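Subject: The structure for you to look at

Hi there,

Here is the structure I promised to pass on. Have a look at it first, and then read on for my notes.

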Amino acid sequence: GLRRGLVIVQVALSAVLLVGAGLFLRTLVSALSVAPGYDIDRVLLTTVDFGAAGIAPPAAPPMGERMLAEVRAIPGVDAAAFGNIVPFSGALVSRPAAPESEPMSSDSENDFLVPYSVVSPDYFRTLGMGVRGRDFTTSDGPQAPRVMIINDTLAQRHWPGQDPIGKRMKLSAAAGPLYEIVGVVSDGKYVSLTEEQHPYMYLPWLQTPRPRVALHVRAAGAPSAVAGSVRNALRAVNSEVPTLAPRTLRDYVDRSIGTQRVVARLLFVFGAVALVVAAVGVYAATERTRGSRRPRRASRRSGPAARVAERGARERRTRGGNRSRTGAESSHRLDAVRRQRDRPAVLRRRRLCAGAHDVRGSADSGAPRHSRRSTRRIERRLMRFRSLITNLFRRDRVERDLDAELRAYVEMLADEKV
């Protein structure tokens, strides 16, 4: 009962683990099949920190434009741009944003929070994102009217069924400039492949400079092929601006789902191990139940003394046909049995069987072939019994049992001689 209960618990736990691993794998596969909204296989990224070199934020965009010109001149580079937020890096910065006609107070600003990024011109072409309207240009400078680009989700939230291009939004409850929407981009994934779609907006780097940005480079082939050239181009403009080791956008995507992959693998391994253990337990319980129902032989239930007594009874039943044996033959057999004590146990068993065969009568030498086969079969069974006894009991106990058998056999021969 307890054993069966443990086996059932093992099977249930292994099934739960395997089902959980399957669900995790299905979620992971579905996440990998989601379109992130970017061309993640051809984009190279490296962080450029103008602030670490002592460059003020207003002076960063002009130097950044010179760096972009050098990078775009590299063979194998299709496009390049700056952005302060790298997709799938885990960073998410928000600020309030509402249509100009919608009231927003300082107390309700949190209800209008929208994540955003500060990007330079040509950013959307670098990432392979389509823009309805226009992209940011170098004319969108500090003195130009404020502009912005939003995604489809934000456009549908405030202007469902309408064209949001030309509409204006305010980014603060206090009095401030209004931002005109000049373009709408398709939705994308910003933090994780499994996230729900949410609003997003983009502001021009020339109007909202940031001292620390990430250089996005779109390569014509493998991004790693142009990594060294990109670093040399940045150092050629200003060697004091530190840059980090370049990484591909695919690396950021893989890292964003790394936890799900590890959990799915661990669940699968644990479930497989538990299933194997449960299968072994079921097999052991089945074999034990089958063995308990299988009838056992009487020879295994009885001890050595009972087997000796049974053998003596068989010899006494056959003693009637051996009355004609002479006293010399009986004395010869008695001496042969006494010499067995100095021989190995296996030889003693074989000679003991031979002596038992002779006791049944010398006239059996002309017995049919099937009788001789029966004798050999008995010999093999006795040898098998000897091996089993040696494995189950200690050597001294086996020796005592064999001595008891010999004494019983000697006494049987002595009775026959008398």
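This is a predicted model: local features need pLDDT of at least 70, side-chain atom pairs count only at pLDDT 80 or more; totals for chains, interfaces and linings use all residues.

**The chain as a whole**

The protein chain has 418 residues, and 39% of them are buried. Its secondary structure amounts to 13 helices and 12 strands. Among contacts with a separation of 6 or more, 79% are between residues 24 or more positions apart. The accessible surface is about 23,400 Å², and carbon and sulfur atoms account for 54% of that.

**Strand β11 and its partners**

Strand β11 covers residues 212-219, and seven of its eight residues are buried. It pairs with strand β1 (residues 43-49) in the antiparallel sense, over seven bridges. Strand β2 (residues 77-83) also runs antiparallel to β11, and six bridges join the two.

**Helix α2 and the core**

The largest nonpolar core contains 40 residues, and Phe 50, Val 71, Ile 150 and Leu 215 have the most contacts inside it. Helix α2 (residues 60-72) gives the most to this core, namely five residues. As a general point, nonpolar side chains in soluble globular proteins tend to be buried together.

Helix α2 has 13 residues and spans 18 Å from its first C-alpha to its last, close to the 18 Å expected at 1.5 Å a residue. Its buried residues are Ala 60, Pro 61, Met 63, Gly 64, Met 67, Leu 68 and Val 71. Why do they count as lying on the same side of α2? Because they cover an arc of only 155 degrees around the axis. The buried residues of α2 pack against β1, β2, β11 and α5 (227-237).

Setting aside its neighbours within four places in sequence, Val 71 is in contact with Val 77, Ala 80, Leu 215, Val 217, Val 230, Ala 233 and Leu 234.

**Some loop residues**

Is Phe 88 buried or exposed? Phe 88 is buried, because its relative accessible area is 2% and the cut-off for buried is under 20%.

Asp 122 has a phi of about 75 degrees, and the loop between β5 (113-119) and α3 (123-127) is where you will find it. Asp 122 also counts as buried, because its relative accessibility is 19%.

Asp 163, in the loop between α4 (152-158) and β8 (168-170), counts as exposed at 51% relative accessibility. Asp 163 and Val 184 are 21 residues apart in sequence, with 9.4 Å between their C-alpha atoms.

Enjoy exploring, and send me any questions you have.

Best wishes

Methods. Residues are numbered from 1 along each chain as its sequence is written. Side-chain values use heavy atoms; hydrogens and water are left out. A nonpolar core is a set of buried Ala, Val, Leu, Ile, Met, Phe, Trp, Tyr and Cys residues joined through side-chain atoms within 4.5 Å. Buried means under 20% relative accessible area, exposed over 50%, partly exposed in between (1.4 Å probe, protein chains only). Helices (H or I, at least four residues) and strands (E, at least two) are DSSP runs, numbered from the N terminus. Contact means heavy atoms within 4.5 Å. Two strands pair if DSSP finds at least two bridges between them. Accessible areas come from the Shrake-Rupley method with a 1.4 Å probe; for residues, only the protein chains shown count as cover. The expected span of a helix is 1.5 Å times one less than its number of residues. The arc is that of the directions from the helix axis to the C-beta atoms.
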